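Visitor: Please take me through one part of this structure up close. Pick a single residue to start from, then show me what else is worth a look.

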Amino acid sequence: MADLAFLGLGIMGRGMVRNLLKAGHRVSVWNRTQRDLPADLAEAKTAASIPDVVSGKRLVMACLTGPDAQRETLLARGGVIDSAKAGTVIVDATTTDPRVTLEVAEAAEKRGLQYLDTPVFGSKNEAWEGRLDFVCGGDRAAFDAIRPILDTMAATVHYLGPSSKGAAAKLVGNLLVAAQMVSLGEALSLARKSGLDPEALMGYLDVTDFSSGLIRGVGRATLSGDFTPHFYLKHMLKDARLIGDYARSVGASLPSTAVTTELYQAAANKGLGDLNASALHKLLFEMSSLD
């Protein structure tokens, strides 16, 4: 079993640590702000600093909020790259700009470290139950070596190619998630304005060829008024901005994604950022004069 460090104890990180512990790994944890850990994480050793948490570790995992957190945690003086010993493998599940991934990978290589970008699809429940989908980039041999550890947290694991390809694949997937969230909200607005019965509506949306896990799960939650955060709306807005910035850097035209980003910005402006990403539907309902 591995003796590893894990940095980042948000909604996703806590679930990932839980499954690493369940698999028998020894896990030392660190977070930028102090957090009370659930009982399932009681076996994790809490470290006071980055140098402390990575000390003696040959595997360091991270799940952070984005590029700024990466630079502060991985690249800054006293951060992971500065503190880890040569030969350490860094496995980073952060959703980020692929250009930042390349920046971190280059800095790691100069220090004799290996860096893999391994972002995940899923939210709170998937993280807690070990059903995440990993999309990974970096050295293939390094990926193959840590694959069994990823499997303890995963429903599926996918290798996409060299550094930054996992990060790019994550943005492609999040584009689809954000777009589907918007279209679902508009569809539910139309259904409600039409007076359709919610259960009858979901009865057929569950089984049609255009259904999805998002439609089935989020649809019912929205219709019942449940916007408990599993993935914060403010984080979806962050991801939408990342998608737009990266798309411009590679010359991809994403006109509908630009509109999606503006809708998430409007929802955040209304104070919905700390609710689930599906709270966008509250804004769309209001635009249709629905409660």
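Guide: Leave aside the neighbours of Q70 within four places in sequence, and Q70 is in contact with L64, L75, D92, T94, T96, V100 and Y115. Contact means heavy atoms within 4.5 Å. Q70 lies in helix α3, residues 67-75. Helices (H or I, at least four residues) and strands (E, at least two) are DSSP runs, numbered from the N terminus. Q70 counts as buried because its relative accessibility is 0%. Buried means under 20% relative accessible area, exposed over 50%, and partly exposed in between, with a 1.4 Å probe and protein chains only.

A word on the source: this is a predicted model, where local features need pLDDT of at least 70, side-chain atom pairs count only at pLDDT 80 or more, and totals for chains, interfaces and linings use all residues. Residues are numbered from 1 along each chain as its sequence is written, and side-chain values use heavy atoms, with hydrogens and water left out.

Now take R18. R18 sits in helix α1. Its relative accessible area is 15%, so R18 is buried. Beyond its neighbours within four places in sequence, R18 is in contact with D40, L41, W128 and E129. D144 is another matter: R18 and D144 are 126 residues apart in sequence and 22 Å apart in space, C-alpha to C-alpha.

Next, the rings. A search of the whole structure finds 1 aromatic pair. F143 and Y159 form that pair, and it is tilted, with 5.1 Å centre to centre and 35 degrees between the planes. Rings of Phe, Tyr and Trp (its six-membered ring) pair if their centres lie within 6.5 Å; planes under 30 degrees apart count as stacked, over 60 as edge-to-face and the rest as tilted. The pair links distant parts of the chain: F143 is in helix α7 (residues 140-151), Y159 is in strand β9 (residues 154-161), and they are 16 residues apart. F143 counts as buried because its relative accessibility is 2%. Y159 has 26%, so Y159 counts as partly exposed.

Charges meet rings too. R192 lies over the face of F285, at 4.7 Å from the ring centre. K234 lies over the face of Y232, at 5.1 Å from the ring centre. A charge sits over a ring if NZ of Lys or CZ of Arg is within 6 Å of the ring centre and within 35 degrees of the ring normal.
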